Amino acid sequence: MTTTTAAYADIPGLAGTDLGFTDWLEITQESVNTFADATGDHQWIHVDPERAKDGPFGAPIAHGFLTLSLAVKFWTDLLDVDGVGTKVNYGLDKVRFISPVKVGSRVRMTAVIAEVTEVAGGFQLAVDQTIEIEGGTKPAVVARGLYRFYA
């Protein structure tokens with residue numbers, strides 16, 4: 001993994017930049033259980049490993065929104081902007097949960113800055129993000145993340 005570092009003034013020129021990919025991160029049963037507790041989603045396919053063995057995926061799986069939430073950590077790993085006063089996760093577009101992530105799997109994110117637009121007091125980056133499953137043929141999540149940077 002390589003972190004791209006840019007100055008705030010250079011943000012407009014980042015459109016089209018391929019940020020590469022993050023390091024792999026293992027999805028543990030503990031992280032799935034913690035997410036279930038935080039969201040109140042204790043469906044057995046996530047939190048009951050014994051029952052999940054006989055379920056549709058053959059193992060417990062991470063919540064789709066848990067996998068998606070890793071985009072925040074991964075995004076921070078991929079891009080560091082100097083001279084920023086405030087960074088805001090502004091939202092998401094076109095989110096799709098393509099493949100389930102089994103507990104014990106490793107995931108990482110690739111990202112390309114698709115667009116940079118000026119907004120009042122700062123810039124908005126539209127970032128095409130793909131969270132991959134190690135050894136998988138299809139990604140876990142594809143989404144366009146919207147991030148704002150203010151001086």
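**Close-up views of a predicted model**

**View 1. Phe65 and Phe97 form an edge-to-face aromatic pair.** In this predicted model, Phe65 is exposed, with a relative accessible area of 55%. Phe97 is partly exposed, at 39%. The ring centres of Phe65 and Phe97 are 5.2 Å apart and their planes meet at 70°, so the pair counts as edge-to-face. Phe65 belongs to helix H4 and Phe97 to strand E5 (residues 86-97), and the two are 32 residues apart.

**View 2. Tyr8 and Phe123 form a tilted aromatic pair.** Their rings lie 5.4 Å apart, centre to centre, with 55° between the planes. Tyr8 is in the loop between strand E1 (4-7) and strand E2 (18-21), whereas Phe123 is in strand E7, so the pair ties together parts 115 residues apart in sequence. Both Tyr8 and Phe123 are buried.

**View 3. Trp75 is among the residues with the most contacts inside the largest nonpolar core.** This core has 35 residues, and helix H4 (64-78) gives the most to it, with seven. Setting aside residues up to four places away in sequence, Trp75 touches Leu19, Met109, Leu125, Val127, Gln129, Tyr147 and Phe149.

**View 4. His63 is buried in the loop between helix H3 (49-53) and H4.** Its relative accessible area is 3%. The His63 side chain reaches the backbone oxygen of Asp41 at 3.0 Å. Beyond its neighbours within four places in sequence, the contacts of His63 are Val32, Phe35, Ala36, Asp41 and His46.

**View 5. Two arginines are placed over aromatic rings.** The charged end of Arg108 sits over the ring of Phe21, 4.1 Å from its centre. Arg148 lies over the face of Tyr90, 3.6 Å from the ring centre.

Key:
Residues numbered from 1 in each chain as written. Predicted model: local features only at pLDDT ≥ 70, side-chain atom pairs only at ≥ 80, totals over all residues. Heavy atoms only, no water. Core = buried A, V, L, I, M, F, W, Y, C linked by side-chain atoms within 4.5 Å. Buried < 20%, exposed > 50% of the residue type's maximum accessible area, 1.4 Å probe, protein only. Helix = DSSP H or I, 4+ residues; strand = E, 2+ residues; numbered from the N terminus. Contact = heavy atoms within 4.5 Å. Polar contact = N/O pair within 3.5 Å; in protein donor to acceptor, adjacent residues only side chain to side chain. Phe/Tyr/Trp six-rings, centres within 6.5 Å; stacked < 30°, edge-to-face > 60°. Lys NZ or Arg CZ within 6 Å of the ring centre and 35° of its normal.
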